[in-house]
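Load the model in your viewer and keep the selection tool at hand.

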Amino acid sequence: MNKVAILTDSNSGITQAQAVQTGVYVLPMPFYISGEMLYEEVDLSQEQFYERLQKGEEISTSMPLVGNVTDQWDKLLKEYDEIVYIPMSSGLSSSCETAMMLANDYEGKVFVVNNQRISVTQRQSVYDAKMLADEGKSAKEIRDILMEEKFQSSIYIMVDTLTYLKRGGRITPAAAALGTLLKLKPVLQIQGERLDAFAKARTVKQAKTIMIEAIKKDFAERFHDPSGANMHLEIAYTYDLEAAMQFKEEVQVQFPNHEIIMNPLSLSVSCHIGPGALAIACSHRIGTPV
């Protein structure tokens, strides 16, 4: 039986400490802040990131350096026979397609998963892959299973401020100004490749209701599982832990039989939506009927 390493990037939100605890590996993503390149969770903590973001410093994301990717693969292949690499969605970055090209030179030892996920749903894919590896599945088998499940997830995100969407060019300055004037709380969605608009709320309370009802509808109509018995359920947030804890309590009331996992959104998402965001996500449990 081949020994399989599970590797992801820090877009998954898995920290280096969590990677050690769970037996997976995480490639830190680079950020440019006021022209300086820093690596997530290595020399840029969540606290430092938000401090600099709120100061108005120019922040941009970047795909991993090719040398960093191949160096990590080479290092892992000294200990493992095969690698399953789970980067962020190809719809949000070209890093996945680059990795797939690089893998061609590794003679079937590196399998790149393009399963269109990011943040908490990407995290779940990583843990699913580790479970499958522990069960004795090959890297190819793990890749194929994750690809079959690629669209079996949803994320809904309430944005507290339009400032960062405007700054990143995701909406026009005029739309941002109007939305700010009307105190809109946009709800965005990720169901596959991209971050898309879903709904507009006038209050945080209304936005929370929209997201919870959207997940209920997905359980019933997309996943044909009204109770969500075969679904993972997660809460994510940017910066405001207290607000996230309150949202988790509200979601738990609506889904009393679910274990709800809560984690911060990865910085690659956070830099585009800013602090104060709340999100709810679900993904299908591997090995159960769709």
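A residue counts as exposed when its relative accessible area is over 50%, as buried when that area is under 20%, and as partly exposed in between. The model is a predicted one.

**Whole chain**

Start with everything selected. The chain has 290 residues, and buried residues make up 53% of them. Colour by secondary structure to show 11 helices and 13 strands. Among contacts with a separation of 6 or more, 74% join residues 24 or more positions apart.

**Salt bridges**

Side chains of opposite charge can pair when their charged atoms come close. The whole structure holds 11 salt bridges. The next stops show some of them.

Select E135 and K137. The two form a salt bridge, with 3.9 Å between the closest N and O atoms. The cut-off for a salt bridge is 4 Å, so a pair with its atoms inside that limit is counted. Is E135 buried or exposed? E135 has a relative accessible area of 52% and is therefore exposed, whereas K137, at 28%, is partly exposed.

Move to R143 and D144. Their side chains meet in a salt bridge with an N to O distance of 2.9 Å. R143 has 22% relative accessibility, so this residue counts as partly exposed. D144 has a relative accessible area of 27% and is also partly exposed.

Next, select residues 204–222, which are helix α9, and show the side chains of E213 and K216. These two residues are 3 positions apart in the helix, about one turn. A salt bridge joins E213 to K216, and their closest N and O atoms are 3.6 Å apart. E213 is partly exposed at a relative accessible area of 42%, and K216 is partly exposed at 27%.

For a linked set, select E36, R52 and E57. A network of salt bridges connects these three residues.

**Helix α9 against helix α10**

Two packed helices are described by the angle between their axes and the distance between the axes. The crossing of α9 past α10 is right-handed.

Which residues of α9 and α10 make the contact? On α9, pick K208, M211, I212 and K216; on α10, pick Q246, F247, E250, V251 and Q254. By class, the residues of this contact are 4 nonpolar, 2 polar and 3 charged.

**Helix α5 against helix α6**

Finally, select residues 119–134 for α5 and residues 139–148 for α6. Their axes are 10 Å apart, and the packing angle is about 140°. That angle makes α5 oblique to α6. Here too the handedness can be read: α5 passes α6 in a right-handed crossing.

To display the contact, show S125, D128, A129, L132 and A133 in α5 together with I142, I145 and L146 in α6. This contact has 6 nonpolar residues, 1 polar residue and 1 charged residue.

Notes
Residues are numbered from 1 along each chain as its sequence is written. This is a predicted model: local features need pLDDT of at least 70, side-chain atom pairs count only at pLDDT 80 or more; totals for chains, interfaces and linings use all residues. Side-chain values use heavy atoms; hydrogens and water are left out. Buried means under 20% relative accessible area, exposed over 50%, partly exposed in between (1.4 Å probe, protein chains only). Helices (H or I, at least four residues) and strands (E, at least two) are DSSP runs, numbered from the N terminus. A crossing is left-handed if the near helix is turned anticlockwise from the far one by less than a right angle, and right-handed if clockwise. Contact means heavy atoms within 4.5 Å. Ala, Val, Leu, Ile, Met, Phe, Trp, Tyr, Cys and Pro count as nonpolar, Asp, Glu, Lys and Arg as charged, and the others, Gly among them, as polar. Axes are lines fitted to C-alpha atoms, for helices over the stretch in contact, and angles run from 0 to 180 degrees between N-to-C directions. Angles under 35 degrees count as roughly parallel, over 145 as roughly antiparallel, 65 to 115 as roughly perpendicular and the rest as oblique.
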